[in-house]
Every structure is written in structure tokens, then in C-alpha cells.
Amino acid sequence: MLIWGLFLVLIIIFLALDLGVFNKEDHVIKTKEASIWTAVWVTVALAFSGVIYWLFSSGLIENPTGLTPKGAVLKYITGYLIELSLSIDNVFVIAVIFTSFKIPLIYQHRVLFWGILGAIVFRALMILFGVALITRFDWIIYVFGVFLLYTAFKMLKGDDDNFDPKNSFVFRQIKKVYPITTQINGHDFFIKKMGLNAATPLFVALIVIELTDILFALDSIPAILAITADPFIVFTSNILAILGLRSMYFLISRMLQKFRFINYSLVVILAFVGIKMLLSHHVEFPEWLSLGVIALALIGGIVASLVIKEKEEIA
């Protein structure tokens, strides 16, 4: 528990520095700044693989699945890359939410910051619940596998392309239980209007982002559990990927139209992981194969987006 506690303290320090020092004043995150921070978070996450190796080689962390130090590092990196790649779809949805609620660029970082805090809590609960299920009931891995294949099929069909936050179930329920105003007052989540407290579009966007992240976690957590059931590796890879999501959003949200084939990469990744789960009791997939499929799928999607020109509409 000491190692878990130290990791959580480290995360709290990172978040405190983020909002309290580097982003104390609201400002528009430019591409250069987003690039630097994305590089920082990726470097931190990859450097943490050294900590994973040290913890598993020295026996300082519980090792319920009997991983070797090298195996633990490979599973951590694979889990991190899966979460990072699936976050790309999350970035698209966040962009739609911000556009729908007309959230100014200058306040988007603050909304995402508080969204990350909530995501960490929910992810922790879902990971512990998922690990407990897999540990207690072997057959649950087949349920996760089928669910991931179904998600890949839905993504391939493009069922979520017409997502409208203002018509969503979540938005309608918020309007029923709490007053909502269209007025934005700086970075405030609540304002007093006509003697009543009302939620601003920033708070509504935060809640919608929070709940959509839970839906994304239903995909990403089973995907990581297909790689390993070790709770520490699943948790750390997931959380470090989430921490880099904000800077990734500001870096690639403006370029999503360029990478129009990246969704097919995510379909391949989800389908592969789903098949891996269904065959987990019969076929052992080497870790390098998982890493290779993820890397090739992402590279293939990016290259295809850059090489294949979009058909011009005929007037």
C-alpha cells in the first residue's frame, strides 16, 4: 500500500504544479505549448517503466500474476499505448462537447483539469472492480472480449458520428435537477442569477465530459485487462495516459480532420484485443505481437490519412 500511496502523492503533486504553477492564469493553449507538454507527459510515462522494472525486480510491489521484471515493463508499455491510442477517440468527443457548449479556448484547460481529477477516481474504481471480476470469475474475460468486438463494430459503422451533447440524456437530466444558464462568467462553474445559483456552460461541459469518459473507460479498461490483470500496472498505465490527455487534446484536436483514417486504427486495436481476450485460455499472444499490432495500426492510420487525398466534392 505504501507504493500505491506514493504513486497517488506523485499524481497529486503533478496536478498541483499543473494548475497552481504552470497554468495559474487562464490562457489559450497554443500548439507549441501543447507539443511540449505532450512530450513531457509521454517521457514521464515511459520513464516510469524503469520504476516498474525496479519495483518488480526488488519485490517491493505485490506480484499476484507472477510477472518477471521484463514482462512487467512490456505489459506496462503495451497498456499505456492502448490507453493512449483509445484516447484519440475521446479527444474528438471532447472537441464536439466544447464546440456545442461554446466553451472559449481560454477556459478549456481548466474544465479538462477538473475532468481529469474525476476520471482518475472513476478509473480507479472501475479497474479494481474489473480486476476483482477477472480474478474471481475466469469466464468474465469472454464477456469483455465480446464487448470490445461489439465496440469495434460500432466504431466501424460510425454510429457515434452524430453525437450531440445538447440532445444527450445527461444534459436533459442536468436541466431537470439544477438551473442552467447560457452565461459564461470567467472560469466560474456557477453564478448567481436572479437570486438563484445556476450552472454555467463550463460546469455542464465538465459533467458531460466526465460521464463520456466513464463510457470510454468501459472500452479501455477491458482492453488493458486483456494485457494483464496486475492491478498496479493497469492503474499506473491508465492514469499516466489520462494525465497526458489534456495536452494531447490541444495538440491534435485541430488536426483530427487530417487524420480521418485514425478511427480505423482504433477498430483494428479493439478487434485485436477482443480476439485476444476470447482466445486467452487457449492461445498465448507474445507481448511483442500486441505492441506491434498497436504501433502498426496507428502508423497505418496516420500514413493513410496523409497519403490518400480526400475526394473533392463535385459541384
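The model is predicted, so local features need pLDDT of at least 70 and side-chain atom pairs count only at pLDDT 80 or more, while totals for chains, interfaces and linings use all residues. Residues are numbered from 1 along each chain as its sequence is written, and side-chain values use heavy atoms, with hydrogens and water left out.

**Packing of H5 and H10**

- The axes of helix H5 (residues 140-157) and helix H10 (residues 262-278) come within 8 Å and cross at roughly 160 degrees; axes are lines fitted to C-alpha atoms, for helices over the stretch in contact, and angles run from 0 to 180 degrees between N-to-C directions.
- Helices here are DSSP runs of H or I with at least four residues, numbered from the N terminus.
- This crossing is left-handed, a term that applies if the near helix is turned anticlockwise from the far one by less than a right angle, with right-handed used if clockwise.
- Residues in the contact (heavy atoms within 4.5 Å) include Phe144, Leu148 and Met155 of H5 and Leu266, Leu270 and Met277 of H10.

**Packing around H2**

- Helix H2 (residues 31-58) and helix H8 (residues 231-243) have axes that come within 9 Å and cross at roughly 165 degrees, and the two are therefore roughly antiparallel.
- H2 passes H8 in a right-handed crossing, where Trp41, Val44, Ala45, Phe48, Ile52, Leu55 and Phe56 in H2 meet Phe232, Ile233, Thr236, Leu240 and Leu243 in H8.
- H2 also packs with helix H9 (residues 245-252) at an angle of about 140 degrees, the axes being 8 Å apart, in a left-handed crossing.
- On the H2 side of the H9 contact, the residues include Trp37 and Trp41, which meet H9 residues including Met248 and Phe250.

**Salt bridge**

- The whole structure holds 1 salt bridge, defined as a side-chain nitrogen of Lys or Arg within 4 Å of a carboxyl oxygen of Asp or Glu.
- Arginine 123 pairs with glutamate 83, and their closest N and O atoms are 3.1 Å apart.
- Because arginine 123 lies in helix H4 (residues 105-136) and glutamate 83 in helix H3 (residues 69-100), the pair ties together parts that are 40 residues apart in sequence.

Notes:
Parallel < 35°, antiparallel > 145°, perpendicular 65-115°, else oblique.
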